[in-house]
Amino acid sequence: MILNESYTLANGLPIPKLGLGTWFIPDGDAAQAVRDAVSIGYRNIDTAQAYGNERGVGEGVRSSGIPREDLFVSSKLAAEIKDYSAAVAAIDGSLPLMGLDYLDLMLIHSPQPWNDWRGGSYAEGNREAWRALEEAHQAGKLRSIGVSNFEQPDLENILSSCTVAPQVNQVLLHVGNTPAELLTYCMEKDILVEAYSPIAHGEMLKNTDVTAMAERYSVTVPQLCIRYTLQLGTVPLPKTANPEHMRSNAQVDFAISDQDMDTLRRLRISDYGSYSKFPVFSGK
């Protein structure tokens, strides 16, 4: 099963190939969602300061019945934090809020604050935030560090001055949005890509071509989409608080043919419906 498989990060640490995303899961529901996921076999749990559910996710981790060292727990530094001292304070705030001694991975959530998505240059601020992550990594508070939503110039900015290179870049990647050049660049730099919203925040469920392909493989559309991101060598992070969906999302023990992978790579979507109001789905 995919839940028993892992990649190896550049620093030698294993990371489970399939994770649980928790965006939009309320703090009061997060602990049970994590417990359900862990009981099904998930060992990779992703949250963020911006999600407002770190406390609940931490509770779920602590009460899961699984040794802490057997779980891979990630969070993200708020996108608005672009200075060293604020980054230090925020990192040191997440750990006690979650009730954890360390995180397996912490990311800078975005190269720009959300209110200036893909806008001005925050190169110096990102280097300052990265310095705070590096120090927390050296202190053992963070076992791995990385970034999210970073494009190649953003990565080059960090790589130009860092003492620890980013080990992960978590990006919007799904059937209909495959940033091939960024994916290639990250692989060349030994930066593992995590794919959030692997089902396009539900938009792929409406695509008749993808539905027809899923039927040919006798799988669901989410299963096809998750398998697609896995075959690209990424870590999909489907979000759900529904245990049945968690189980189904992990049933991806099949292979998409090269021809069908090429077809899925070529698909493009730009309209995320009501979710287009969110910066990451805005098309910028």
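What is the volume of the largest pocket? In this predicted model, the figure comes out at about 480 Å³. The pocket is lined by 24 residues, and I199, H201, G202, P238 and K239 are the ones closest to its centre. Sorted by class, the lining splits into eleven nonpolar, eleven polar and two charged residues.

Next comes the second largest pocket, with a volume of about 360 Å³. Here 19 residues make up the lining, and those closest to the centre are R118, E151, L172, N177 and K284. The class count for this second pocket reads eleven nonpolar, five polar and three charged residues.

Strand β5 (72-77) is mostly covered, with six of its six residues buried. On one side of the pairing list is β4 (44-46), which runs parallel to β5 and is joined to it by three bridges; D46 stands opposite S74 of β5 there. S74 also has a bridge partner in β6, namely L105. Strand β6 (residues 105-108) runs parallel to β5 as well, with four bridges between them. From β5 the chain crosses through α3 to β6, in a right-handed β-α-β crossover. A right-handed β-α-β unit is also made by β4, α2 and β5.

As for helix α2 (residues 54-62), its buried residues are E54, G56, V57, G58, G60 and V61. The cover over them includes α1 (27-40) and α3 (84-98), along with strands β4 and β5.

How values were computed
Residues are numbered from 1 along each chain as its sequence is written. This is a predicted model: local features need pLDDT of at least 70, side-chain atom pairs count only at pLDDT 80 or more; totals for chains, interfaces and linings use all residues. Side-chain values use heavy atoms; hydrogens and water are left out. Buried means under 20% relative accessible area, exposed over 50%, partly exposed in between (1.4 Å probe, protein chains only). Helices (H or I, at least four residues) and strands (E, at least two) are DSSP runs, numbered from the N terminus. Contact means heavy atoms within 4.5 Å. Two strands pair if DSSP finds at least two bridges between them. A crossover is right-handed if, with the strands pointing away from the viewer, the path from the first strand over the helix to the second runs clockwise. On a 1 Å grid over the protein atoms alone, a cavity is a set of points where a 1.4 Å probe fits but cannot get out, and a pocket is an open set with protein on both sides within 12 Å along at least five of seven lines; lining residues have an atom within 4 Å of a point. Grid points are joined across faces, edges and corners, and a volume is the space filled by probe spheres set on the points. Ala, Val, Leu, Ile, Met, Phe, Trp, Tyr, Cys and Pro count as nonpolar, Asp, Glu, Lys and Arg as charged, and the others, Gly among them, as polar.
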